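Hello,

Here is the structure I promised to pass on to you. Please have a look at it, and then read on for what I found in it.

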Amino acid sequence: MKRFLGLIFAVLLILPHAAVAENIDMSGAKAALIAPLQADEPIEEKNSQERYSVAGLCKLPAIVTLAEAFDKGVIKPDTEMQVSQKAASIAGPTAFLEASELVKASELMKAAVMISAGDAIYTLGENAFGSEQVFLQNIDVTLRELGISESLTDCVGTGSMFTAVDLMKMGRAAAESKTFTQYAALYMDELVHDDGRRTELVNANRMIRTYSGCYGLMTGSSREDGYCGVFVASRNDMDYICVVIGSKNSEDRFEIATTLFDYVFANFSLVTLATAYEPLITDVEVKHGDVKSINLVPHQTVVMLQKKGEGELVQNRNIEEVLSAPLSPDIAVGTLTFLDEAGMVACEIELYPQNEVKSYGFLDILKRLAWNFLHG
């Protein structure tokens with residue numbers, strides 16, 4: 001079976017090749033996918049590389065950029081931000097901000113994440129970065145760092161188009177943000193204005209209430225683009241991200257997401273094959289070195305997504321029985337290969353000496369004998 005190797009944040013996640021399972025119906029969406037949160041490739045997908053208009057999800061790049069600014073301390077939650085005339089006039093979902101009013105950054109971010117409020121997004125960007133143009137430049141940096149080629153013409157993403165894989169990448173960044181997930185998991189709250197007015201905020205992502213383990217992320221819909229969503233859910237230390245684009249109605253959007261989550265939670269498990277810098281093979285003999293044996297370690301944590309019911313993997317060592325000094329912890333000395341039940345290579349992990357081993361030849365022995373003689 002073809003497998004994909006992806007390195008994300010020092011975690012090597014190995015996936016089976018994506019294919020549509022017979023019991024999954026994604027006909028109610030233009031595009032869809034589901035993948036482990038750490039992975040770059042989906043387990044199941046439909047048209048995941050095709051670009052589409054994605055309704056309110058076009059604001060996700062801006063909100064992710066703002067969330068990262070909060071996480072890094074660039075934006076302080078208690079900072080009061082003034083609403084400009086342009087911010088107050090932004091069309092679409094709104095927090096009903098009025099020009100010149102002062103609102104705390106945390107309140108604005110809550111409205112941005114929960115209801116994709118364009119006036120809140122614009123106010124945050126304009127105040128935090130000085131102008132919409134500089135905000136757009138920072139959004140562009142966010143997209144490039146995520147490997148997404150699309151560029152926005154304004155901070156709310158008017159006219160932008162993304163693939164399901166693009167949304168998966170943005171969703172992963174959002175899920176890793178404490179600021180984003182703090183507000184994405186809220187179903188109902190309110191924004192308090194400086195004149196005492198209160199704007200009710202109701203999250204359109206009903207899955208945070210109805211699907212066990214769902215903690216976000218964001219939905220969007222329009223007559224032209226249909227119903228879209230990016231969702232994350234966690235059960236038994238397994239986190240998955242699901243993207244749905246262009247469903248005809250809200251029910252289809254949530255039904256497809258629910259079906260995909262149910263499928264992966266029921267059929268897959270994560271198996272840790274190696275943990276970075278922890279010994280995989282111990283006490284390998286060393287000759288001509290200042291130690292007699294050495295442990296071998298991987299430089300990456302390796303996690304494999306395995307379908308339940310598959311047989312255990314078989315290990316094959318590809319190293320010399322006796323290693324020769326000198327040895328460096330930065331130079332691989334062999335590999336540990338994992339084979340599936342069909343005898344196919346599922347994973348190959350490079351092995352490194354846990355510590356440096358210095359050469360210890362005849363001259364070193366004479367020096368040691370002399371040192372022992374002189375020092376009794």
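Helix α1 passes helix α4 in a left-handed crossing. Please keep in mind as you read that this is a predicted model. The two helices, α1 covering residues 60-71 and α4 covering residues 118-129, pack at an angle of about 50 degrees, and their axes are 11 Å apart. Angles under 35 degrees count as roughly parallel and those from 65 to 115 as roughly perpendicular, and α1 and α4 are therefore oblique to each other. On the α1 side, the contact is made by A62, I63, T65, L66, A69 and F70. From α4 come I121, L124, G125 and F129. As a reminder, an α-helix has 3.6 residues a turn, so residues three or four places apart point the same way.

**The chain as a whole**

Stepping back, the chain has 10 helices and 21 strands. Of its 376 residues, 49% are buried. Among the contacts in the chain with a separation of 6 or more, 61% are between residues 24 or more positions apart.

**A buried helix**

Helix α6 may interest you too. It runs over residues 164-175, which gives it 12 residues. From its first C-alpha to its last it reaches 16 Å, close to the 16 Å expected at 1.5 Å a residue. How many of the residues of α6 are buried? The count is 12 of the 12, so α6 is largely enclosed by the rest of the structure.

**The end of α9**

N267 is found in helix α9, which spans residues 250-267. Which residues does N267 touch once its neighbours within four places in sequence are left aside? They are Q306, K307 and K308. N267 and K307 are 40 residues apart along the chain, and their C-alpha atoms are separated by 5.7 Å. With a relative accessibility of 24%, N267 counts as partly exposed.

**Backbone details to check**

Two peptide bonds deserve a look. The bond from G216 to L217 is cis, with omega near 20 degrees, and L217 lies in strand β11, residues 214-222. The bond from A325 to P326 is also cis, with omega near 0 degrees. P326 has its place in the loop between β19 (322-324) and β20 (334-339).

Then there are two residues with a positive phi. S116 has a phi of about 55 degrees although it is not a glycine, and S116 is found in the loop between α3 (105-115) and α4. D283, again not a glycine, also has a positive phi of about 55 degrees, but D283 lies in a strand, β15, which covers residues 281-287.

Best wishes

Key. Residues numbered from 1 in each chain as written. Predicted model: local features only at pLDDT ≥ 70, side-chain atom pairs only at ≥ 80, totals over all residues. Heavy atoms only, no water. Axes fitted to C-alpha atoms, helices over the stretch in contact; angles between N-to-C directions. Helix = DSSP H or I, 4+ residues; strand = E, 2+ residues; numbered from the N terminus. Parallel < 35°, antiparallel > 145°, perpendicular 65-115°, else oblique. Left-handed = near helix turned anticlockwise from the far one by under 90°. Contact = heavy atoms within 4.5 Å. Expected span 1.5 Å × (residues − 1). Buried < 20%, exposed > 50% of the residue type's maximum accessible area, 1.4 Å probe, protein only.
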